[in-house]
Amino acid sequence: MKQMASERKPYYAKMGAEVVGCSSVDEVIAKAGLDWTVEKRPIFLAGEKKITNKFATVRTDTEQVLGIVKGGYEVVQNRDGFDFIDDCLGEGITFTKAGTYNKGERVFMVGEAPSVDICGDEVYPTILFTNSHDGGGSINAMFTPMRLVCENGLMIPIPGHENGIVKLRISHTKHVKDRLDIAKQLIMQNNQYIEALRARAELLAKQPFSDEQFKALTKELAGIEVPNEGEEEKITRGQQSIITDLTAAYEEEDIARFRGTAYGAILAASDYDTHKESSRNTGNEEYQFERVAYGMTILAAAYQIVARMTGMGLRR
């Protein structure tokens, strides 16, 4: 079931702890309960035989095993992994949320830069900072801009980032100058990304997109195959649900002034991708968070289809 506009929340709303007002990484870690450490410990079989070059990463306060890693893996504690963010605060970044996800194996912090105007909408250049203790990732900063009026993720593909994911891998360093350089690079790339996003949105908003094209877009996103000549179109209940939700998103009031344009179609896909609820209704609080954290695949697919239909491509 699609959420009503008044019920929409940011992708991180159900996650972690509120850390608004915190002025340092230390404060965020304390308030979010992330002030625990991780150790790399050897693994033994039942007969006390040690497994060669395999170690477990263990959270020391709960003894929870977070992952299995090789000998060369270096544990980066929560405080050390995010220390560079302190140097971003002077550039206007503020903290919003922090916590864990993926069964506690990964840690996140959400920061926001000052809002910007994109096609007459207020957009927050939100940045998702993550650190992994399971050996499956590194320290990353991912740009996840949010359209304030509807709390939709606006990770629209731009040249060089066709999947809509713009992520920076951060190298851990103990040197103050290096941390300052990382912070400056992060802010600069975020600003460049927002400018590229604004240019892409303005181009989409000028591109006509008919109701028939939108209908074809919803069918393709739902995975409906074009029938052979003389055959009836086959649509499953699940596919019809996707079409219905995408159409409802397209008819929302916050998209009205963009309806009939490619940007309106993209915003509808963004709404669906950001706020779609789990079909299994398991109550998984991480579902919407992970849809953004691992890339908005439906939004990216919608852009590729719209680009093909209109001949826009990913031209600059």
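Me: How many helices and strands does the protein have?

Reply: Helices (H or I, at least four residues) and strands (E, at least two) are DSSP runs, numbered from the N terminus. The protein has 8 helices and 13 strands. This is a predicted model: local features need pLDDT of at least 70, side-chain atom pairs count only at pLDDT 80 or more, and totals for chains, interfaces and linings use all residues. Residues are numbered from 1 along each chain as its sequence is written, and side-chain values use heavy atoms, with hydrogens and water left out.

Me: Where is confidence lowest, and where highest?

Reply: pLDDT is the predictor's confidence in each residue, from 0 to 100. The protein averages 87, and 92% of the residues score at least 70. Strand β13 (residues 167-170) is lowest, at a mean of 82. Helix α4 (residues 211-221) is highest, at 97.

Me: Is arginine 291 buried or exposed?

Reply: Buried means under 20% relative accessible area, exposed over 50%, partly exposed in between (1.4 Å probe, protein chains only). Arginine 291 has a relative accessible area of 15%, so this residue is buried. Of the 316 residues of the protein, 48% count as buried.

Me: Where does arginine 291 lie, and which residues is arginine 291 in contact with?

Reply: Contact means heavy atoms within 4.5 Å. Arginine 291 lies in helix α7 (residues 287-293). Leaving aside neighbours within four places in sequence, arginine 291 is in contact with Tyr272, Asp273, Lys276, Met296 and Ile298. Glutamate 212 is 79 residues from arginine 291 along the chain, and their C-alpha atoms are separated by 28 Å.
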